[in-house]
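Here is a short report for a first look at this structure. Please read it with the sequence and the model side by side.

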Amino acid sequence: MNYLFNYIQWSPRLEALSLGPFSIRWYSLCWLVGLALAYFIVRKLFYEQDIAIRKKKVKGKWEEENLFDPLFIYCFLGILIGARLGHCLFYQPDYFLSSGKHFIEMLLPIHYLPNGGWKFTGYEGLASHGGTIGIMIALWLYAKWSKLPILTIIDNICIATPVTACFIRLGNLMNSEIIGKVTDVPWAFIFERVDMQPRHPGQLYEAIAYAIFFFFGWYLYKKKPQRVGTGFFFGLCLTLIFTFRFFIEYTKDIQEDFEAGMLLNMGQILSIPFIIFGIWLIVRSFKKVKK
């Protein structure tokens with residue numbers, strides 16, 4: 001057991017702060033910080049491109065209509081609903097679809113107790129692939145409402161998306177979930193709430209990668225802002241995040257028992273369509289710029 005002193009011991013408190021019976025978990029705080037940063041980044045982009053406000057004629061007078069603030073509501077609900085349903089249906093359908101109570105647990109942040117009653121747990125289990133599908137549907141609905149070009153909306157969102165993804169993975173790290181495989185690399189983490197073995201900090205790998213992807217995307221935007229609206233940043237975001245996600249899965253432990261023995265795990269299988277779609281969008285965007 002001497003290796004216990006050679007690696008990073010990891011057992012942080014789950015709560016960031018507690019005030020009597022009320023507490024905020026690190027995971028929830030990371031989600032909020034990630035969404036807040038994305039909010040301010042996209043807000044800046046909307047105002048830079050002069051699409052945050054629209055002049056609308058009402059009763060013969062021109063009035064300003066705020067197009068930006070509703071976007072945050074669409075995105076928040078799309079990510080949350082999509083990520084929750086994605087986890088339940090992709091990873092644990094045998095549990096959540098097995099009874100009426102379990103189905104309710106899929107929709108509401110509660111858990112039914114064996115001896116009767118229930119307790120509030122928050123949404124324990126969110127899948128990034130489901131969140132991606134959810135936000136794409138939400139943005140399509142927002143485009144219908146706002147009458148803005150959908151690729152302009154999605155490109156702006158995708159410039160900021162890696163920031164949110166980074167903080168979500170930091171939340172996973174604080175929760176000691178989505179852990180890596182046992183390893184002897186010197187930066188291995190010992191997740192004390194899981195077991196006492198040194199493992200790859202897969203959550204940290206992803207968080208660092210997503211931070212790099214954000215700065216790379218921001219650099220490309222500042223260099224050629226005219227690419228917004230071509231689908232380039234949409235494709236870039238999908239390709240970078242899900243290509244990295246595909247390969248980083250090799251360092252992760254399986255999340256569900258049914259993945260044992262599979263050539264590709266569920267995360268990798270779900271990543272492939274996003275990678276193909278992302279590459280197609282990038283190629284298409286260059287053709288569109290030429291035209």
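## Terms and source

Buried means under 20% relative accessible area, exposed means over 50%, and partly exposed lies in between (1.4 Å probe, protein chains only). This is a predicted model, in which local features need pLDDT of at least 70, side-chain atom pairs count only at pLDDT 80 or more, and totals for chains, interfaces and linings use all residues. Residues are numbered from 1 along each chain as its sequence is written, and side-chain values use heavy atoms, with hydrogens and water left out.

## Two loop residues with positive phi

Asp50 lies in the loop between α1 and β4 (53-58). Helices (H or I, at least four residues) and strands (E, at least two) are DSSP runs, numbered from the N terminus. Phi of Asp50 is positive, near 60°, and Asp50 is not a glycine. At 65% relative accessibility, Asp50 is exposed.

Ser176 sits in the loop between α6 and β8 (189-191). Ser176 is not a glycine either, yet has a positive phi of about 55°. Is Ser176 buried or exposed? Ser176 is buried, at 8% relative accessibility.

## The nonpolar cores

A nonpolar core is a set of buried Ala, Val, Leu, Ile, Met, Phe, Trp, Tyr and Cys residues joined through side-chain atoms within 4.5 Å. The largest one has 53 residues. Phe46, Leu71, Leu139, Ile153 and Ile157 touch the most other members. Two or more residues come from each of α1 (26-48), α2 (69-90), α5 (128-146), α6 (150-174), α7 (202-223), α8 (232-248) and α9 (266-290). Which helix gives the most to this core? Helix α6 does, with eleven residues.

Take Phe46. Its contacts (heavy atoms within 4.5 Å) are Ile51, Ala52, Phe68, Leu71, Tyr142, Leu148 and Asn156, leaving out residues up to four places away in sequence. Another core, of six residues, lies apart from the largest one. Leu173, Met174, Ile179 and Phe191 are among its members.

Gln203 lies in helix α7. Gln203 is buried, with a relative accessible area of 1%. Residues up to four places away aside, Gln203 touches Arg169, Asn172, Leu173, Ser176, Glu177, Ile178, Ile179 and Phe191.

Met136 belongs to helix α5. Met136 is partly exposed, at 26% relative accessibility. Beyond its neighbours within four places in sequence, Met136 is in contact with Phe234, Phe274 and Phe277. Met136 and Ile157 are 21 residues apart in sequence, and their C-alpha atoms are 10 Å apart in space.

## Salt bridges

A salt bridge is a side-chain nitrogen of Lys or Arg within 4 Å of a carboxyl oxygen of Asp or Glu. By this rule there are nine. Arg54 forms one with Glu65, with the closest N and O atoms 2.8 Å apart. Arg54 lies in strand β4 and Glu65 in strand β5 (residues 61-66), so the pair ties together parts that are eleven residues apart in sequence. Arg54 is partly exposed, at 24%. Glu65 is buried, at 18%.

Glu206 has a salt bridge with Arg169, at 3.0 Å between the closest N and O atoms. This pair links helix α7 with helix α6, 37 residues apart. Both Glu206 and Arg169 are buried. Glu206 also forms a salt bridge with Lys252, at 2.5 Å. Lys252 is in the loop between α8 and α9, so this pair ties together parts that are 46 residues apart in sequence. Lys252 is buried, as is Glu206. Through shared partners, salt bridges join Arg169, Glu206, Arg245, Glu249 and Lys252 into one network.

## Cysteines

How many disulfides does the structure hold? The count is zero, where a disulfide is a pair of cysteine sulfur atoms within 2.5 Å. Cys30 is in no disulfide, and the nearest cysteine sulfur, that of Cys166, is 8.9 Å away. Cys30 is buried, with a relative accessible area of 9%.

The sulfur of Cys237 has its closest cysteine sulfur in Cys158, 4.3 Å away, which is too far for a bond. Cys237 is buried, at 9% relative accessibility.
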